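Colleague: I have a structure to look through and would like to talk it over. Could we go through it piece by piece?

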Amino acid sequence: MKNKYPIPLMEDLFDRLGSATVFTKIDLKTGYWQVHIAEGDEHKTTCGTRYGSFDFLVMPFDLTKAPAIFCTLMNQVFEEYIDEFVVVYLDDIVVYSQTLEEHLEHLQKVLARLREHKLYAKLSKCSFAQK
């Protein structure tokens with residue numbers, strides 16, 4: 001059964017930023033591959049090749065439900081912060097604030113949540129405390 005979770009529209013996400021003046025963009029490293037297949041369900045991802053059968057241990061990019069599953073995960077991880085000071089679009093996270101001091105507090109909460117859920121960012125694709 002397909003997960004019908006709607007992927008948000010970019011225009012709607014930008015509208016939520018309001019009058020914020022400080023922004024951080026965090027890009028997750030190989031987003032979908034950070035989602036592990038539930039133990040015992042690996043056989044559901046089996047693909048056959050001329051070299052044998054292989055099971056995925058992490059969510060493959062071409063899985064029908066991959067975007068919806070990943071959106072659901074990200075919204076669960078940041079549930080209490082979304083639309084307060086976080087916007088998430090697939091594997092991109094934007095932290096927005098009114099002041100630098102407030103932004104540092106928000107950023108600390110977001111990074112702690114990423115650490116707690118063992119989600120990792122690609123530092124070279126991140127931008128911190130931008131105006």
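Colleague: Is Asp83 buried, partly exposed or exposed?

Modeller: Asp83 counts as partly exposed, because its relative accessibility is 41%, and buried would require under 20% while exposed would require over 50%.

Colleague: What is its phi angle near?

Modeller: Phi of Asp83 is near 70°, which is a positive value in a residue other than glycine. Ala129 also has a positive phi, near 50°, and is likewise not a glycine. Ala129 belongs to strand S6 and is partly exposed, with a relative accessible area of 36%.

Colleague: Let us step back. How many helices and strands are there in the chain?

Modeller: The chain has three helices and six strands. Along the sequence they follow the pattern α-β-β-β-α-β-β-α-β.

Colleague: How does S1 pair with S5, and over how many bridges?

Modeller: S1 and S5 run antiparallel to each other and are joined over six bridges.

Colleague: Which residues touch the most other members of the largest nonpolar core?

Modeller: That core has 17 residues, and the ones touching the most other members are Ile26, Met74, Phe78, Val86, Ile93, Val110 and Leu114. The elements giving two or more residues to this core are helix H2 (66–77), strand S4 (86–89), strand S5 (92–97) and H3. There is also a second, separate core of five residues, which includes Leu13, Leu17, Val87 and Tyr96.

Colleague: What does Ile26 touch, leaving aside residues up to four places away in sequence?

Modeller: With those set aside, the contacts of Ile26 include Ile93, Val95, Leu107, Val110, Leu114 and Cys126.

Colleague: Now to Arg113. Where does it lie, and is it buried or exposed?

Modeller: Arg113 lies in helix H3, residues 100–116. Arg113 counts as buried because its relative accessibility is 14%, and the cut-off for buried is under 20%.

Colleague: Which side chain does Arg113 join through a polar contact?

Modeller: The side chain of Arg113 has a polar contact of 3.2 Å with that of Tyr81. Not counting residues up to four places away in sequence, Arg113 touches Val77, Phe78, Glu80 and Tyr81.

Colleague: What about Lys29: where is its place?

Modeller: Lys29 is in the loop between strand S1 (22–27) and strand S2 (47–49). Lys29 is partly exposed, at a relative accessible area of 46%. Lys29 and Ser124 are 95 residues apart in sequence, while their C-alpha atoms are 9.9 Å apart in space.

Colleague: A last topic. Where in the chain is confidence lowest, and where is it highest?

Modeller: Confidence is lowest in helix H1 (residues 10–15), with a mean of 71, and highest in H3, at 96. For the chain, the mean pLDDT is 82, and 78% of the residues reach 70 or more. Where pLDDT is low, the predicted coordinates should not be read in detail.

Colleague: And what share of the chain is made up of buried residues?

Modeller: Of the 131 residues in the chain, 31% are buried. The chain exposes about 8800 Å², of which carbon and sulfur atoms supply 56%.

Methods. Residues numbered from 1 in each chain as written. Predicted model: local features only at pLDDT ≥ 70, side-chain atom pairs only at ≥ 80, totals over all residues. Heavy atoms only, no water. Helix = DSSP H or I, 4+ residues; strand = E, 2+ residues; numbered from the N terminus. Buried < 20%, exposed > 50% of the residue type's maximum accessible area, 1.4 Å probe, protein only. Polar contact = N/O pair within 3.5 Å; in protein donor to acceptor, adjacent residues only side chain to side chain. Contact = heavy atoms within 4.5 Å. Core = buried A, V, L, I, M, F, W, Y, C linked by side-chain atoms within 4.5 Å. pLDDT = per-residue confidence, 0-100. Pairing = 2+ DSSP bridges. Areas by Shrake-Rupley, 256 points an atom, 1.4 Å probe, with all protein chains shown as cover.
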